[in-house]
Every structure is written in C-alpha cells, then in structure tokens.
There are 2 protein chains.
Amino acid sequence: MPQPRTSDPQRPTRGRRARKVSGDERERAILATLERLLEERSLHEISIDDLARGAGISRPTFYFYFASKEAVLLSLFERMLGEAQATRGDTLNRLAEDPAARLREALGAFFEAFRSRRAVTLAGADAQASSAEVREVWGHVMEAWVAEAAAAIEAERARGAAPPGVAARDLAISLLSMNERVFHTTFARQQPSIAEDDVLDTIVSVWLHAIYGTATPPAAGA
Amino acid sequence: MPQPRTSDPQRPTRGRRARKVSGDERERAILATLERLLEERSLHEISIDDLARGAGISRPTFYFYFASKEAVLLSLFERMLGEAQATRGDTLNRLAEDPAARLREALGAFFEAFRSRRAVTLAGADAQASSAEVREVWGHVMEAWVAEAAAAIEAERARGAAPPGVAARDLAISLLSMNERVFHTTFARQQPSIAEDDVLDTIVSVWLHAIYGTATPPAAGA
DNA sequence: GAGTGTATCAACACAGTGTCGACTGGCTCA
DNA sequence: TGAGCCAGTCGACACTGTGTTGATACACTC
C-alpha cells in the first residue's frame, strides 16, 4: 500500500530536472481544485473523483497524495490559519498603548484573514462537524488565541485599566466564540447575520465593554 | 410512490381499535431510536438501516415515514426548539424589573433547555453544515430571538438604563451567536471550552456589560 | 541490467442510498 | 359477503461513492 504523503516540505527532491509533471505539482493541483470547487459547493457535495479529475489524475492516484478529501481541506485550512497568525502579529500584547485602536487592529486582522479565504473558512468550520482531525487543529489554534487574549485581559486588569470580573480565560473563550460564529454567519450570508461592513464595529464594541466596561478605556500614557 | 408522512398530528385515526403496531408508534420509534443513537455517535455515522432496525422495520419502510435521516433529526430538533421557546416565556420583555436577574433567568432557561437535550442540540448544530433545511429552521428561530433581544435592548436604551451604542440588532446577533457557540463547545466538551458550571455566569456578565456597560444596571423602580 | 522508489490506473469489493413492484390484512360500503 | 381500497410492509434492484489490490511504467542509482 502506498503511503499517502504528508505535506512535509523537506521531502528530498532528487537530482537535476524534475519529471514532466512532478508530485508536488499534482499535490498543489489537488489543493487548488478543492479551493476552486469550494467557491461553488460544499465539501460533501464534492467527490474525490471531482478532485482527481480537476487535478488531471485518476481516483486511485488521488489516494497517493491524500488519505481523504478531509485531509485536503485540512491542509488548506492549516495554511490559512498560519497566514492568519502571521498577519496578526503581537497587537494584543500592546493593548495598553491604546486599547480601542489596538483591539480594532487585532480583530480586523483576523476578520480580513478569514474574509480573504471565505470558502476555506466556511468549509473548515463545517468540517468540524464530521472530522475529529479538523476539530483538533481548530482546537489548538483557538487554544493559543484564548491564552493570548486571557493574558492581555489579565494585564489590563493588573494595570487598573480594566475592572475585575469573571475569569479572564472564560471571558476570552466567550469573545472568541462570538467572533467565530459571527464571522461564519456573515460569510455564509445566513439569516440572521451582521452586514459585512458592520461586523468589526460591533464586535470591537462588545470586546471593549466586556473587558473594560466602557467603549473608551484609558491608554497607558494617559 | 408513497408520500412520506409529515408529522402532522391531525391525521385521521380510523375507527375503534388500532392495529398491533400503529404508524404513529413506528414514527415515534424512529425518533426515539435516533435520539438514543445520537448519544453514542454522530448523525453521519448512523445509517438509515440503523434507524430502521432500531425501530423494528426494514429500510424501505423507513422511507414511508421520513424522507431522510436529516428529516428525522429535523423533527427532533423542531420539538426541542419548541420546548425551549415554551419554558423561556416573556422574561426578556420584563428586563426593566431587575436586569441582572431577568437576564440570568432568560439565558438560564435557554441553557437548561439545550443542556437537557445535549445530543439533539449538538447534532442539530452539526447538521447545519450539510442540510439547508436545518439551516433554515434554525435561522427562523434565531431571527425570532434576535428580534426579541433587539427590542429589549432598545427599550432599555429608551428608558435610559442602557447607553446608546452599536445597532441593537447587530448587538443582539453578536450576543446570541456567542451563546450558540459557547453552548456548543461546552456540551461537546471540546477544547477550549467553558466549564458547564461557569457558562451562565460568564455569558450573563458579557450580556450585561455589552448592553449596560456595567454588571449592576439600575432596575426600573430604583 | 538489476534494483529501488515514485507515480500511475483498470478493475474490484463494498457500503449506503433511494426506488419499484408486489404483497398483506384490516376496513368500508354496495 | 365479497370487491375494492388503502396504510403499511419489504425483497430485490440500480446507482453512487469509497477505498484497495495488483500490475505496470518510468527515472534514476549503483
């Protein structure tokens, strides 16, 4: 049985010129095909045969590259989450500089990262229902964001800018859960949902009130 | 082709004594079987054959009662949502009496309604990914809650208990979305999630701060 | 020029879905 | 009382999608 290749990038690419069509190109073709098809229909309306044909290979050959279509989605999803991480930076750690502005910046970066890959975001969220693996990846990413947000909340409480209240971690989970679900319904254009242009204003307001009790918390210099 | 029966209760039950096993009993047996199996595994790990066997009938006979397993879930889901509506009452309309207490009451009723039917709640939420029909039912229910919550927020702003802010409807959507997702991760015992005992305290606190800017808003009499 | 690893696919086995057509057995009304 | 109706039932089939097997090709290595 051929081992499905992991997307491990340091696989040794053997000497000089690659074959007409290399394995990496095929892998990328499969990923691109899924991303394209997800713009039109949901993962469970896409068959492995669709992906294989889209990448110009047969169904058994598909299995040489990925173990399942969920695995393809997972790869796409992980890439996107990596990008989301990268663009966001450490904005939350510098909350004290100007809470309202920094928070808007951080939440805006998330929003933008997900918005720019709408189809993958939605499919990834939906796939959590059916794939324990997707659930686990998402759980790890969320865990990191929760820890970061909780630390930021505690720091703001410590410097007296935010009043004490419910456990910082629980608050962070609540607010991030809100983001997650609000983004999802907005991107899916479900009813009821918030208009794309109003999402950021609304969630920033909730974050500020939930953490500081006011929409205009004090900056560190003030 | 036999018409799949709706769960329409006023179907005429013909004269005197019912047959050994009536159609209604079968229908109830299918619903009960799904609810039982959902405690152990997810909808897409349950086949129509499982449901049929569980109800003591063959697979083709299943189709006499329901058009698909999603339809069975939908029936279960709608019943549960109906109960959630019923137990909650009009608490949100009486927010002014004592905002913190009434809000806790209203959110507590929701939490309890969903908690008591954990398996159906989780399966219903998951099925939104794959079934437009489930999505639509959930959308309608949410829409009603959003309208009610938005009206309550506007009333509190009108009486001066809550400060003005982002659109009441958008705020209502955000807060209800938070509930939805927080409940889901808690019931599914995903990581990260809020402990079952802390959920109510946490979300009530966010609602109060987001609407009133404080955890101790004034009652109407005060 | 034999051997190894990558890449490929036709053909198969299988699981689940949905449908068709035939059958049963109680009930109604002529 | 017996012809006809109808809710209810299921064996058998066709179809779709999944995952595996085994054989093959090709490039590059030693």
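## A short tour of one loop, in two chains

Start in chain B and select Pro192(B): you'll land in the loop between α8 (168-187) and α9 (199-212) of that chain. Before going further, keep in mind that this is a predicted model.

The peptide bond from Gln191(B) to Pro192(B) is cis, and its omega is near -5 degrees. Why stop here? Most peptide bonds are trans.

Stay in this loop and click on Arg189(B), which also sits between α8 and α9 of chain B. Check its backbone: phi is near 50 degrees, a positive value in a residue that isn't glycine. For context, most residues other than glycine have a negative phi.

Next, hop over to chain A. Select Pro192(A), in the loop between α8 (168-187) and α9 (199-212) of chain A. Which residue does a cis peptide bond join to Pro192(A)? Pick Gln191(A): that's the partner, and omega for this bond is about -5 degrees.

Last stop: Arg189(A), in the loop between α8 and α9 of chain A. With the surface still on, you'll find Arg189(A) exposed, at a relative accessible area of 56%.

Terms used. Residues are numbered from 1 along each chain as its sequence is written. Chains are lettered from A and ligands numbered from 1 in the order in which they are written. This is a predicted model: local features need pLDDT of at least 70, side-chain atom pairs count only at pLDDT 80 or more; totals for chains, interfaces and linings use all residues. Side-chain values use heavy atoms; hydrogens and water are left out. Helices (H or I, at least four residues) and strands (E, at least two) are DSSP runs, numbered from the N terminus. Buried means under 20% relative accessible area, exposed over 50%, partly exposed in between (1.4 Å probe, protein chains only).
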